[in-house]
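Have a look at the structure first, and then we can walk through it together.

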Amino acid sequence: MTVGLFGWYHKGNFGDDLMAMMFTKELVRRGYDVVLWVIETEQAEQWGAEASRDVDSFLTSIDVLVFGGGGILANAHVRDDFDRLIENVVQDASSREIPV
């Protein structure tokens, strides 16, 4: 099973990137394949995962979508574009019958 991790990653927030690393390493340890949204490819590979920057290829490559990272839960106007992206990803995942 391939898990897609989607969060406020690679935005300069150490805590969110740390959570991405911890989630990824634990999922890989448990035998899951992991694809990370918008993490540098080299960084994802160091953690035993893949990276994706394209919504369609991201969703095509996963079986389940997991949101992680506290930044996505914050109420901040600087994230308006990211909020729209989250809404689009959730709608697209749902239309593909990918559990969110």
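## Before we start

Please keep in mind that this is a predicted model.

## Strand S1 and its neighbours

Let us begin with strand S1, which spans residues 2-6. Five of its five residues are buried, so S1 is largely enclosed by the rest of the structure. In a regular strand, side chains alternate between the two faces of the sheet. For S1, both of these faces are covered. Thr2, Gly4 and Phe6 are buried on one side, while Val3 and Leu5 are buried on the other.

With S2, S1 pairs in the parallel sense over four bridges. Within this pairing, Thr2 has Asp33 as its bridge partner, and Leu5 stands opposite Leu36. With strand S4 (residues 64-67), S1 again forms a parallel pairing over four bridges. Here Val3 stands opposite Val64.

Strand S2 covers residues 33-37. Four of its five residues are buried, so S2 too is largely enclosed by the rest of the structure. Besides its pairing with S1, S2 is joined by three bridges to strand S3 (residues 50-52), and S2 and S3 run parallel.

How are S2, H2 and S3 arranged as a unit? Together they make a β-α-β unit that is right-handed. Helix H2 covers residues 41-46.

## The aromatic cluster

The model holds four aromatic pairs. A pair of aromatic rings is described by the distance of the centres and the angle of the planes. Phe6 and Phe58 form a tilted pair, with 6.2 Å centre to centre and 50° between the planes. This pair links distant parts of the chain, as Phe6 belongs to strand S1 and Phe58 to helix H3 (residues 55-60), 52 residues apart. Both Phe6 and Phe58 are buried.

Phe6 also pairs with Phe67, this time edge-to-face, at 5.4 Å centre to centre and 70° between the planes. Phe6 is in strand S1 and Phe67 in strand S4, so this pair ties together parts 61 residues apart in sequence. Through ring pairs, Phe6, Trp37, Phe58 and Phe67 are linked into a cluster.

## Two positive phi angles

Most residues other than glycine have a negative phi. Val38 is not a glycine, yet its phi is positive, about 60°. Val38 sits in the loop between strand S2 and helix H2. Is Val38 buried or exposed? Its relative accessibility is 12%, and because buried means under 20%, Val38 counts as buried.

Glu97 also has a positive phi of about 60° without being a glycine. You will find Glu97 in the segment after helix H4 (80-95). Its relative accessibility is 71%, and because exposed means over 50%, Glu97 counts as exposed. In short, Val38 is buried, whereas Glu97 is exposed.

Definitions and conventions: Residues numbered from 1 in each chain as written. Predicted model: local features only at pLDDT ≥ 70, side-chain atom pairs only at ≥ 80, totals over all residues. Heavy atoms only, no water. Buried < 20%, exposed > 50% of the residue type's maximum accessible area, 1.4 Å probe, protein only. Pairing = 2+ DSSP bridges. Right-handed = clockwise from strand over helix to strand, strands pointing away. Phe/Tyr/Trp six-rings, centres within 6.5 Å; stacked < 30°, edge-to-face > 60°.
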